[in-house]
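Trainee: I would like to go through some labels on this model and check what each one rests on.

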Amino acid sequence: MKREMIEVLFLMAVGYLAGSTLFGRILPKYFRNIDIEEVSGDKNPGTANVMKYAGIPLGLLCLVLDIGKGYLPVLWAESVVAPVDLLFAGIMVAPVLGHAFPFWKSGRGGKAIAVSFGVLLGILRYSRSVWLLAALYIFFSLVVVIKPNEKRSVYTFVLFGSISALFLLFDGLPGICVGNMLIAGVVANRNWADARIGQKEFRQKEKEQAEEQQVPFHR
């Protein structure tokens, strides 16, 4: 096996292990004795739930750490593998895959939004993908409003992956474009089941609010 391949596999393993460190689960348990997955409705050890149940300061710390565990492995890898190389795509997706499907939790982790932004910030000097992802989130939050959050994430990442595929056709950086597509696939897959559950809960809340206000509820 070539040395480059060994280094790539090592970097992928490091990225996956970093990603699988769920700070949203670990920090509230350690500092506040709160099991975020137990108390939250969606069982997600993410920043929003940490802020809601364990406080904003701890939530912000989790956000920084989740971004960092995507950012640092990719930044380190750039000195070993060129972003134009397709092998770089595997390094990009590794932290996201670890966060979404950690080996130590029967494959069910967080929704992998913050860590995805961390990975894209790590390649900022080569690609502006992070601004594309941010713009899509803003579009589906303020212009064409999609609820609940999980459904918004599915739409955002599917479109993000599709646009990345178009860039690949027009001679974009193959490693980064394919990496974006892989990240989009992992995050969309992780959020898909929760989006269906979240949609039912969202409709139920709408119905209850309409009944409380004595307003006819229309499906």
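Trainee: Why is Glu-37 called buried?

Mentor: Buried means under 20% relative accessible area, exposed over 50%, and partly exposed in between, with a 1.4 Å probe and protein chains only. Glu-37 has 14% relative accessibility, so Glu-37 counts as buried. This is a predicted model: local features need pLDDT of at least 70, side-chain atom pairs count only at pLDDT 80 or more, and totals for chains, interfaces and linings use all residues. Residues are numbered from 1 along each chain as its sequence is written, and side-chain values use heavy atoms, leaving out hydrogens and water.

Trainee: What makes Glu-37 and Arg-25 a salt bridge?

Mentor: The term requires a side-chain nitrogen of Lys or Arg within 4 Å of a carboxyl oxygen of Asp or Glu. For Glu-37 and Arg-25 the closest N and O atoms are 2.7 Å apart, and the pair forms a salt bridge. Arg-25 is partly exposed, at 30% relative accessible area.

Trainee: How do you know that Glu-150 and Lys-111 meet in a salt bridge?

Mentor: Their N to O distance is 2.6 Å. Glu-150 counts as buried at 10% relative accessibility, and Lys-111 is buried with a relative accessible area of 10%.

Trainee: How many salt bridges does the rule give?

Mentor: The count comes to five.
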